Amino acid sequence: MASVSTSDLVLVSLGLVIAALWFLRDSLPFFKSSSPSGKPALNGKAPNGTAKGATGGGNPRDFVAKMKDTKKRLVIFYGSQTGTAEEYAIRLAKEAKARFGLSSLVCDPEEYDFDNLDQTPEDCAAIFVVATYGEGEPTDNAVTLMENLEDESFEFSGGEHKLENLRYVVFGLGNRTYEHYNEIARKVDAALEKAGATRIGQRGEGDDDKSMEEDYLEWKDGMWEDFARVMNVEEGAGSDTADFVVTELDKEFAQDKVYLGELSARALTRTKGIHDAKNPYPAPIKEARELFAVGGDRNCIHVEFDIEGSGLTYQHGDHVGVWPTNPDVEVDRLLCVLGLGAPDRRNAVIGIESLDPTLAKVPFPVPTTYQTVLRHYIDISATAGRQSLSALAKHAPTPEAAERLQQLSSDKTLYAEVVGEGSLKLGEVLQLVSSPIPPDFSAAPTTENVTPWSIPFDLIVSLIPRLQPRYYSISSSPKLHPGAIHITAVVLKYQASKSHHPERDPKWVFGVGTNYILNLKLAHNGETSPLMAEMGVEEIVESVSLPPRYAIEGPRSAYFHEKVYRVPIHVRRSTFRLPTNPKTPVIMIGPGTGVAPFRGFVQERVALAKRAIEKNGPDALVDWGNIWLFYGCRSSKGDFLYADEWPYYADQLKGKFLMHTAFSRETPRKPDGGKVYVQDLIWQQKDLLTKAILEQKAYIYICGDAKGMAHDVEEKLMQMLGEGKGGSAEVEGAAELKLLKERSRLLLDVWS
């Protein structure tokens, strides 16, 4: 028998002691857990339902703990796809502070858990500002929030799907031209009410088709009255305090650390990383060409972005976000209005700090310059909002200017007539009310012809929202163009409804994103075209509209390298997809630039057809479903998009691709002499299409104008389907159309 060493005895004894301590751990005070049962917390909650971090333990997803720690009485959740809902959420937070002195926690719902929504303190309230996206869907960042609210099996911390102590407010953002108008706001309201929560005031619904701003203004005053009563707070307890502090930095500040339009820290330091909405990719332009007939009064630009080596990927039907800048003339105008027109002032380096980061984060990277903020970071090209005008009146250069601005902000009818119908931007409004005679907006804004105001720059940052990317349907397929993204964009320009000047026609209005693209197309091809010069208009002819000039070279010429222009872009995913089985028929309706995604769809099928034929021979497409495209434009010679490509695609798809065209300004016309549109083409093919939909389970896609075309197409579809089901459009047709949408066999990508 081997002898036992002293070290062996020590190890055995230590093992016995550890085992004893383990079995007695619940009765020993120094082993007690912070949770009553001594068990670890699961899924963010302790066994008693208390959220982790509720006492400041540091769970970053616990909004209740954060409210308590920072003494907030309001939590505001925003469901936003483009930034507008977030903007309104921040406005509500600011107004709660100004009216009642109440601080708010403004939250992206994607960053928080909702299992402790029932623990919102009784003296607090929750506000939900939610947009409806696509076909009655929540925005990407509100998907989980909606699932938690609508799923009655989802348990809050009390172990039930009940919110009986919660008081809430709802404001929705929608567009009445869409079928599912403000559906998400209505669903949020219904789900909260069903769970026992109490709504404060009426549910607000903003209509982007008319005036989101006016709908919001009409709703909020009544809501705040009810809010004061329910929450037992008095108006006037707040104060008009700044959100930010703007500081001019030393002239010797390191220039390589100053943001001059870069959209991310990686862009500033030129380091590699994933490219997304927070770090767009500066994509080189491979090709840019005009699609409309030369010499016309309209432009439609085809652009191809090179994404080789970028890490960006896309599928047919996705969208690409293009990050534009503001045009030079509007940057110069607002700089002059703010008294910052001189070169040393516009290029002064500034730092910006938020006085309450939970309420208002600095919306763009800093340090930066005054000029950079106006050119790259905030949306100075939008029509001026009525509410923002009242905040600026106290900074007017004269009592007369202050009075005129107050009138515009308080008189809804006057505002609509002057600012709305005149399509006036903030800089133009301030120039107008401070000028003794109506200004000539076509003249170059300078420090000599623009009256300066004493507006603090922090107020500009607070009032004007962030400049957002412009989204375009991708008009290519990665199967045919794996290293490129194509877009198809009609350049937006129109005359305002009313002129601010008694002796001039209404001014021309230019879309920010598409005119930025037009500038790039001209520069890429070395074309010369009259543009507004850097400091205004070079040679104005009364009847001619000159597109504005943009600083397309980008910050530090980052968007112009080796004679190639670059554009900051990112990809946004979509559910606008072809059926996976090519035997399924496809019906596509897309007049004008609504044809853009369908070019990608057809290319997708062409690529698949090539592979099928290579593998299975010339008869590989025999059992494929038909692919119909209904397209319309003004004329076959002037604006027929990609006219030279469709015959090639038809040849590659061996008769499966069937294109029907309507040219509204050409013959033939309808028997009553009316113009022929895509909905008329559909009706002409109603027997084949009805059979494809009802018997062959065809998929239907509509892309383009929501207000007119999409509505009219759906009306025709209801008539066809009603007849096909042996009934009426109003009953059987409507029911079938609803079923198609529910089963995702009718998909829309429309805009107003």
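The second largest pocket of this predicted model is lined by 23 residues, of which R270, H275, Y281, P282 and R566 lie nearest its centre. A pocket here is an open set of points on a 1 Å grid over the protein atoms alone, with protein on both sides within 12 Å along at least five of seven lines, and lining residues have an atom within 4 Å of a point. The lining of this pocket comprises nine nonpolar, nine polar and five charged residues. At least two lining residues come from each of α7 (265–269), β9 (281–290) and β19 (564–572); helices (H or I, at least four residues) and strands (E, at least two) are DSSP runs, numbered from the N terminus.

Residues are numbered from 1 along each chain as its sequence is written. Local features need pLDDT of at least 70, side-chain atom pairs count only at pLDDT 80 or more, and totals for chains, interfaces and linings use all residues, while side-chain values use heavy atoms, without hydrogens and water.

The loop between β14 (470–473) and β15 (484–490) holds H481. With a relative accessible area of 26%, H481 is partly exposed, a class that falls between buried (under 20%) and exposed (over 50%), for a 1.4 Å probe and protein chains only. Leaving aside residues up to four places away in sequence, H481 touches Y314, S476, H486 and Q603, where contact means heavy atoms within 4.5 Å. H481 and G600 are 119 residues apart in sequence, yet their C-alpha atoms are 9.7 Å apart in space.

Technical notes:
On a 1 Å grid over the protein atoms alone, a cavity is a set of points where a 1.4 Å probe fits but cannot get out, and a pocket is an open set with protein on both sides within 12 Å along at least five of seven lines; lining residues have an atom within 4 Å of a point. Ala, Val, Leu, Ile, Met, Phe, Trp, Tyr, Cys and Pro count as nonpolar, Asp, Glu, Lys and Arg as charged, and the others, Gly among them, as polar.
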